[in-house]
Amino acid sequence: MSLHRHHSQAEKTTLDSAFDSSMGTIPKHTLPPGTQNADAAMQFIQNELMLDGNARQNLATFVTTWMEPQAAELIQASLEKNIIDKDEYPQSAEIERRCVNMLANLWHAPEPAGEASAMGCSTTGSSEAAMLAGLALKWRWRARREAAGLDASKPNLVMGANVQVCWEKFARYWDVEARLIPLEGATHLTAAQATAACDENTIGVVAVLGSTFDGSYEPVAEIAAALDELAASTGLDVPMHVDAASGGFIAPFLDTELLWDFRLERVKSINASGHKYGLVYPGVGWVLWRSAQELPEDLIFSVDYLGGSMPTFALNFSRPAAQVIAQYYTLVRYGFDGFQRIQSRCREIAGAIATGVEGMGPFTLLSRGNELPVLAFKLTTPDGYSVYDLSHELRSFGWIVPAYPMPEGMADVHVLRVVVRNGFTFDLASMFLADLAKSVARLSGQRDDSVGFHH
């Protein structure tokens, strides 16, 4: 979460309310001395929240911004349930278990020894899931090293410079060297780069199924094959983790022949964000292991809590069951065919936007939404303005479109990125392209008579 600094206690804001005119002003950074009228307090907060961007026009976030009202009703009815209290809320725990097994089946995990006993858990999102998967890799590597009487003090994790920042956090927090491979000739990690960076201290290789920078898939099967060859030729047996934060809910439905999951024996664990293309409001994530052997028992706590004993593997403790229940709703509600239709439509809309951007003139596409429904594009030849100027200009139409440099190796390339999610339509795509064209015209000094004030 973001860190916030201390502010002056004297700073106040006016609570202008039709409900209670006596309320006057309240402090911003200290507790008010008295209670407030409930309706007035709600109105006051709603007024401030109006300054947030419109979530439906937010083309920056991967996070779900729309769910059906039935899902919202289930969430509202479950907000008070603590998912950690499995004895108190056994059916919520059962629903979590069902979700894990559905994902294990979707990602082709080997048949477990017992029925419906896939190894995995829910998390607050992919960041926590990545931490848990990374810890399992480190613990297993350390156990192998110590069993062989070798030094286990210098672990490293190999990944492309395009990984999400949660992996850099994992490395820093858990004292692992982050071997971030600069981009060379591709916008993501390649098999040759991955194997070249591995040594006896490598706890694993992270492959990303859907880069946040441009939406592209890393070649998981090629990396796995290269690591198989490395093991055969050198004895270095390096496991893989697949960060499928977004692609884990895209590839199984749209790229069914693509080998990226537990069908590859080299892949030991997978994470995904239910609150991205899993179609759930934040925050819920998932992490699964191909078998119980991949999750060291030392990391699993048996917790005596509220009269019961339960195994748990998590960085968090108390959190609401609501999002897990919402995930179960989307899996049951849409099924395979529904997810396929939704994700296919997102990809079609992303492709339509890519075609429109390409035909506009000044842009070069780095991706066009044919993997994740995400496109990234740069200015082919800057004409007195930058992608940052264009991002700012689009804000005047309400569109939130991020501009940023690509990772190390391509840091001189600056792009805009558009993420298409469920709830975004072809009509909205047409509006966006029209506003993008107007923004380009404004910045390039062309007159646009369609924009202005008319009596």
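This is a predicted model: local features need pLDDT of at least 70, side-chain atom pairs count only at pLDDT 80 or more; totals for chains, interfaces and linings use all residues.
Trainee: Which residue does Arg98 form a salt bridge with?

Mentor: The partner is Glu94, and the closest N and O atoms of the pair are 3.0 Å apart; a salt bridge here is a side-chain nitrogen of Lys or Arg within 4 Å of a carboxyl oxygen of Asp or Glu. Arg98 and Glu94 are separated by about one helical turn, because they are 4 residues apart in helix H3 (residues 90-106). Helices (H or I, at least four residues) and strands (E, at least two) are DSSP runs, numbered from the N terminus.

Trainee: And how many salt bridges does this rule give?

Mentor: The count comes to 14 salt bridges.

Trainee: Which side chain does Arg266 meet in a salt bridge?

Mentor: Arg266 meets Asp228, at 2.8 Å from N to O. Arg266 lies in the loop between helix H8 (251-254) and strand S8 (267-273), whereas Asp228 lies in helix H7 (residues 220-234), so the pair ties together parts that are 38 residues apart in sequence. Arg266 counts as buried at 10% relative accessibility, while Asp228, at 38%, counts as partly exposed.

Trainee: What about Arg347, which partner does it have?

Mentor: The side chain of Arg347 forms a salt bridge with that of Asp255, at 2.9 Å from N to O. With Arg347 in helix H9 and Asp255 in the loop between H8 and S8, the pair ties together parts that are 92 residues apart in sequence. Both Arg347 and Asp255 are buried.

Trainee: Switching to the cores, which residues touch the most other members of the largest one?

Mentor: In that core of 63 residues, they are Trp107, Val205, Val220, Ile223, Met240 and Trp260, a nonpolar core being a set of buried Ala, Val, Leu, Ile, Met, Phe, Trp, Tyr and Cys residues joined through side-chain atoms within 4.5 Å. Helix H9 (residues 322-360) supplies the largest share of this core, with 10 residues. A second, separate core has 30 residues, among them Phe377, Val387, Leu390 and Val420.

Trainee: What does Ser439 touch?

Mentor: Not counting residues up to four places away in sequence, Ser439 touches Leu390, Glu393, Leu394 and Phe397, contact meaning heavy atoms within 4.5 Å. Ser439 is placed in helix H11 (residues 426-443) and counts as buried, at 0% relative accessibility.

Trainee: Last one, in which sense do strands S4 and S5 pair?

Mentor: S4 (residues 156-160) and S5 (residues 177-181) pair in the parallel sense over 5 bridges, where pairing requires that DSSP finds at least two bridges between two strands. Leu157 has Ala178 as its bridge partner in S5.

Definitions and conventions:
Residues are numbered from 1 along each chain as its sequence is written. Side-chain values use heavy atoms; hydrogens and water are left out. Buried means under 20% relative accessible area, exposed over 50%, partly exposed in between (1.4 Å probe, protein chains only).
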